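Let's take a look at how side chains pack together in this one. Here is a quick briefing on rings, charges and nonpolar cores.

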Amino acid sequence: MQHVLLLGGTTEASALARLLAAHGIVTTFSYAGRTEYPRAQPVPVRVGGFGGVAGLADYLRHHRVTHLVDATHPFAATMSGHAMEAARLAGVPHVALTRRAWQPAAGDRWTRVAGIDGAVAALAGPARRVMLALGRMHVAAFAAQPQHHYLLRFVDAPDQPPGLPHHTLIVDRGPFTAEGDSALMQAHAIDLVVCKNAGGNGADAKLIAARNLGLPVLMIDRPAVPRRTECYRPEDVLVWLDHDAERGV
Ligand SMILES: NC(=O)c1ccc[n+]([C@@H]2O[C@H](COP(=O)([O-])OP(=O)(O)OC[C@H]3O[C@@H](n4cnc5c(N)ncnc54)[C@H](OP(=O)(O)O)[C@@H]3O)[C@@H](O)[C@H]2O)c1
């Protein structure tokens with residue numbers, strides 16, 4: 001019998017969980033535990049880290065996982081690296097459900113930077129009104145450029161106020177539209193957007209809004225992950241599982 005461990009935390013992971021449940025495939029969904037109220041899932045859920053590569057390999061063996069699907073965010077590179085290595089150690093087939101990186105379109109004014117540090121360094125200079133579309137994990141680093149006014153949008157209200165001297169905080173988990181994000185940027189007189197190259201359709205509203213308003217974007221490039229088998233649609237993971245079953249895995 002197949003038992004899929006699905007590493008989640010993305011819209012695509014939730015879509016895949018629905019698909020696996022609908023096909024009656026035994027699945028355990030794994031959250032890191034970063035958000036206070038994660039989306040409910042139609043399959044059993046576990047929460048929290050595994051304790052590195054060795055911990056995940058033990059989990060795979062102990063719970064008789066037959067397939068590991070890494071549907072974490074393209075910036076969750078540590079988890080993705082661990083997943084590949086643990087799957088190899090435990091002899092479990094592994095696939096990543098991920099998104100292709102965004103590419104600039106006509107009218108885009110992107111400056112590509114490497115990592116959060118690259119974005120912080122690129123913000124040196126006079127005060128601006130910056131939309132930090134990053135999630136709360138990386139916001140503290142921008143205290144190194146305290147001259148700017150930052151517009152922050154978080155999924156949950158933070159326990160501690162963000163350590164940025166000038167900021168406006170909005171709590172909203174989306175989905176967002178280009179029209180809504182244009183209105184937000186205009187209401188807050190934003191003159192620069194900072195975001196990670198997450199890819200996919202779910203989070204591109206801010207990019208379309210920035211394009212329509214002619215605003216510059218600091219685009220943070222993705223961290224590198226080793227070569228692996230990748231799917232770009234949840235239904236392709238089902239095909240991958242089927243092929244494995246045919247091969248007798
Ligand atoms: N990074 C982003 O920009 C971003 C954006 C949206 C959503 N997310 C989601 O948020 C979660 C954490 O992202 P991150 O960037 O902090 O990850 P990360 O830096 O790659 O991972 C750090 C550690 O968190 C644990 N972890 C991460 N994802 C997990 C999962 N799905 N289930 C169980 N443990 C997990 C693992 O702990 P152990 O080593 O102890 O196993 C991992 O080594 C992921 O599920 C990701 O899909 C991330």
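Arg153 lies over the face of Phe176, and the distance to the ring centre is 3.5 Å. Keep in mind that this is a predicted model.

**Charges over rings**
- Besides Arg153, which sits 3.5 Å from the centre of the Phe176 ring, there's Lys196: its charged end is over the ring of Phe75, 5.3 Å from the centre.

**Aromatic pairs**
- Searching the whole structure turns up 3 aromatic pairs.
- One of them joins Phe29 and Tyr31 in a tilted arrangement, with 4.8 Å centre to centre and 55° between the planes.
- Phe29 and Tyr31 are both buried.
- Phe50 and Tyr59 make an edge-to-face pair, at 5.2 Å centre to centre and 75° between the planes.
- Phe50 counts as buried because its relative accessible area is 15%, under the 20% cut-off.
- Tyr59 has a relative accessible area of 13%, so Tyr59 is buried too.

- In soluble globular proteins, nonpolar side chains tend to be buried together.
- The largest nonpolar core here has 19 residues, and the ones touching the most other members are Leu6, Leu20, Val69, Val237 and Leu241.
- Strands S1 (3-7), S2 (26-31) and S5 (94-97), plus helices H1 (11-22) and H7 (234-246), each give two or more residues to this core.
- Which residues does Leu20 contact, leaving aside neighbours within four places in sequence? They are Val4, Leu6, Ile25, Thr27, Leu238 and Leu241.
- There's also a second, separate core of 18 residues, including Ala119, Val130, Val194 and Leu218.

Key: Residues numbered from 1 in each chain as written. Predicted model: local features only at pLDDT ≥ 70, side-chain atom pairs only at ≥ 80, totals over all residues. Heavy atoms only, no water. Phe/Tyr/Trp six-rings, centres within 6.5 Å; stacked < 30°, edge-to-face > 60°. Buried < 20%, exposed > 50% of the residue type's maximum accessible area, 1.4 Å probe, protein only. Lys NZ or Arg CZ within 6 Å of the ring centre and 35° of its normal. Core = buried A, V, L, I, M, F, W, Y, C linked by side-chain atoms within 4.5 Å. Helix = DSSP H or I, 4+ residues; strand = E, 2+ residues; numbered from the N terminus. Contact = heavy atoms within 4.5 Å.
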